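Hi,

Here is the structure I said I would pass on. Have a look at it, and then read on for what turned up.

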Amino acid sequence: MRSWNKTDSSILVILLLAAVALGWYYPSIPSEVPSHYGLNGKVDAFSPKVFLWELYGILVSLQLILYFVGKINPRFYNYPFEIREENRKRVLRATVRLLNELRIFILLLFLLIIGFSLFSMERMPIWFLLVTVLVPILLTIKGIILIYKANKPN
């Protein structure tokens, strides 16, 4: 099992700062905020401002789930190949790296979504939709390649 690391500390600090910022600005937020954007980038649904705290709760929940997935004994990970004993630690490091990169992406994604709603943006930039779709796919592909490489014979 892995121990607490710099990524965990950084994510915790950012989560706490986000909660403080949301609490600080909450009284000045309009009673309704954008809660959904259509494919054209325009707002097509509004929710009460408490929706921002709900998004924050989902973000914290996802971070906790991915943190604990990283703490599971690596023998229980479902790798599509047999792990060589001499490469076990390298494969685990590559797996934890992938999980950390996904955690950081999810953190940034949710903070941007909360920011878009917080500032009642009328339109979601098209780059955001592309980033939302492409980055997790590319991170996962890169992570799988690194995990495979980590398991190659020395």
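**The hairpin, and then the helices**

Let me start with the hairpin of β1 and β2: five residues lie between its strands, and G41 there takes a positive phi near 90°. Before going further, please keep in mind that this is a predicted model, where local features need pLDDT of at least 70, side-chain atom pairs count only at pLDDT 80 or more, and totals for chains, interfaces and linings use all residues. Residues are numbered from 1 along each chain as its sequence is written, and side-chain values use heavy atoms, with hydrogens and water left out.

Back to the strands. β1 covers residues 32–37 and β2 covers residues 43–48, and the two pair in the antiparallel sense over five bridges. (Two strands count as paired if DSSP finds at least two bridges between them. Strands are DSSP runs of E with at least two residues, helices are runs of H or I with at least four, and both are numbered from the N terminus.) If you want a spot to look at, E32 stands opposite P48 in β2.

**The core**

Which residues have the most contacts inside the largest nonpolar core? They are L52, Y79 and I147, in a core of 36 residues. A nonpolar core here is a set of buried Ala, Val, Leu, Ile, Met, Phe, Trp, Tyr and Cys residues joined through side-chain atoms within 4.5 Å. Buried means under 20% relative accessible area, exposed means over 50%, and partly exposed is in between, using a 1.4 Å probe and protein chains only. At least two residues of this core come from each of α1 (6–25), β1, α2 (51–71), α3 (88–118) and α4. The most come from α3, which gives 13 residues. As general background, nonpolar side chains tend to be buried together in soluble globular proteins.

**How the helices pack**

A word on terms first. Axes are lines fitted to C-alpha atoms, for helices over the stretch in contact, and angles run from 0 to 180 degrees between N-to-C directions. Angles under 35 degrees count as roughly parallel, over 145 as roughly antiparallel, 65 to 115 as roughly perpendicular, and the rest as oblique. Contact means heavy atoms within 4.5 Å. For residue classes, Ala, Val, Leu, Ile, Met, Phe, Trp, Tyr, Cys and Pro are nonpolar, Asp, Glu, Lys and Arg are charged, and the others, Gly among them, are polar.

- **α3 with α4:** their axes come within 8 Å and cross at roughly 170°, so the two helices are roughly antiparallel. The residues of this contact divide into 18 nonpolar, four polar and five charged.
- **α2 with α3:** these pack at an angle of about 180° with their axes 10 Å apart, and are therefore roughly antiparallel as well. Among the residues making the contact are F51, L52, L55 and Y56 of α2, and L99, R103, I106 and L107 of α3. By class, it has 18 nonpolar, three polar and one charged residues.
- **α1 with α3:** the angle is about 10° and the axes are 11 Å apart, which makes α1 roughly parallel to α3. Residues in α1 including T7, D8, I11 and I14 meet residues in α3 including N100, R103 and I104. This contact divides into 10 nonpolar, two polar and two charged residues.

Is I126 buried or exposed? I126, in helix α4, counts as exposed because its relative accessibility is 57%. Its C-alpha atom is 26 Å from that of V60, 66 residues apart along the chain.

G143 also lies in helix α4 and counts as buried, at 2% relative accessibility. G143 and L98 are 45 residues apart in sequence, with their C-alpha atoms 5.2 Å apart.

A150 is found in α4, which spans residues 126–150, and is buried at 8% relative accessible area. Not counting residues up to four places away in sequence, A150 touches N87, R90, V91 and A94. From A150 to R93 it is 57 residues in sequence and 8.8 Å in space, C-alpha to C-alpha.

Over in helix α2 there is G70, buried with a relative accessible area of 3%. G70 and V96 are 26 residues apart in sequence and 6.2 Å apart in space, C-alpha to C-alpha.

Cheers
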